[in-house]
Amino acid sequence: MSRSCELTGKGVQSGNNVSHANNKTKRKFLPNLCNVTLISDALGQRFRLRVSAAALRSVEHRGGLDAFLLKADENELSMRARLLRRQIVKKAAEAA
């Protein structure tokens with residue numbers, strides 16, 4: 001399983017540890033990933049996703065998983081999230 005957020009695409013970054021003597025050694029900055037269960041109102045199902053804490057706040061701010069996915073760019077989403085987004089769009093089109 002890769003260390004990247006399924007909703008925002010946030011992943012591992014690299015950088016340096018810098019000592020007091022200004023010695024530089026390589027290090028990794030890992031995203032704060034959480035395993036969460038989010039509910040889709042349109043589909044009436046629950047989905048387990050591995051998302052970053054920042055993405056979780058964004059989902060809450062936008063009003064739920066459906067609203068977040070409809071507003072999100074498909075290039076940033078994981079394959080599972082893209083499939084979920086397409087299902088939500090299809091369900092919304094049927095309702096309209």
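View 1. Glu6 counts as buried because its relative accessibility is 14%, where buried means under 20% relative accessible area, exposed over 50% and partly exposed in between (1.4 Å probe, protein chains only). The structure is a predicted model, in which local features need pLDDT of at least 70, side-chain atom pairs count only at pLDDT 80 or more, and totals for chains, interfaces and linings use all residues. Residues are numbered from 1 along each chain as its sequence is written, and side-chain values use heavy atoms, with hydrogens and water left out. Glu6 lies in the segment before strand E1 (13–18); helices (H or I, at least four residues) and strands (E, at least two) are DSSP runs, numbered from the N terminus. The Glu6 side chain reaches the backbone nitrogen of Arg50 at 2.8 Å. This is a polar contact, defined as a pair of N or O atoms within 3.5 Å; within protein, one must be able to donate a hydrogen and the other to accept it, and residues adjacent in sequence count only if both atoms are side-chain atoms. Apart from neighbours within four places in sequence, Glu6 is in contact (heavy atoms within 4.5 Å) with Arg48, Leu49, Arg50, Leu77, Ser78, Arg80 and Ala81.

**View 2. Arg50 in strand E4.** Arg50 is found in strand E4 and, at 23% relative accessibility, counts as partly exposed. Its side chain reaches the backbone oxygen of Ser2 at 3.2 Å, while its backbone nitrogen is reached by the side chain of Glu6 at 2.8 Å.

**View 3. Helix H3 and the elements against which it packs.** Helix H3 (residues 79–95) has 17 residues and reaches 25 Å from its first C-alpha to its last, close to the 24 Å expected at 1.5 Å a residue; the expected span is 1.5 Å times one less than the number of residues. Ala81, Leu84, Arg85 and Ile88 are buried in H3. These residues lie on the same side of H3, because they cover an arc of only 100 degrees around the axis, the arc being that of the directions from the helix axis to the C-beta atoms. On the other side of H3, the exposed residues are Met79, Lys90, Ala93 and Glu94. The buried residues of H3 pack against strand E3 (33–40), strand E4 (45–52) and helix H2 (65–71). Val89, also placed in helix H3, is partly exposed, with a relative accessible area of 36%. The C-alpha atoms of Val89 and Lys71 are separated by 11 Å, the two residues being 18 residues apart along the chain.

**View 4. Ser40 in strand E3.** Ser40 is placed in strand E3 and is buried, with a relative accessible area of 0%. Its side chain reaches the backbone nitrogen of Leu43 at 3.3 Å. A further polar contact, of 2.8 Å, joins the side chains of Ser40 and Asp66. When neighbours within four places in sequence are left aside, Ser40 is in contact with Gln45, Phe47, Leu65, Asp66 and Ile88.

**View 5. Ile39 in strand E3.** Ile39 also has its place in strand E3, but this residue is exposed, with a relative accessible area of 52%. Leaving aside neighbours within four places in sequence, Ile39 is in contact with Gln45, Arg46 and Leu65. A distance of 6.8 Å separates the C-alpha atoms of Ile39 and Leu65, which are 26 residues apart along the chain.

**View 6. Arg27 and the ring of Phe29.** The charged end of Arg27 sits over the Phe29 ring, 3.9 Å from its centre. A charge sits over a ring if NZ of Lys or CZ of Arg is within 6 Å of the ring centre and within 35 degrees of the ring normal.

View 7. Asn22 lies in the loop between E1 and strand E2 (24–29). Its phi is near 70 degrees, a positive value in a residue other than glycine. At 47% relative accessibility, Asn22 counts as partly exposed. Gly63 is found in the loop between helix H1 (53–62) and H2 and is exposed, with a relative accessible area of 56%. Gly63 and Lys26 are 39 Å apart in space, C-alpha to C-alpha, and 37 residues apart in sequence.
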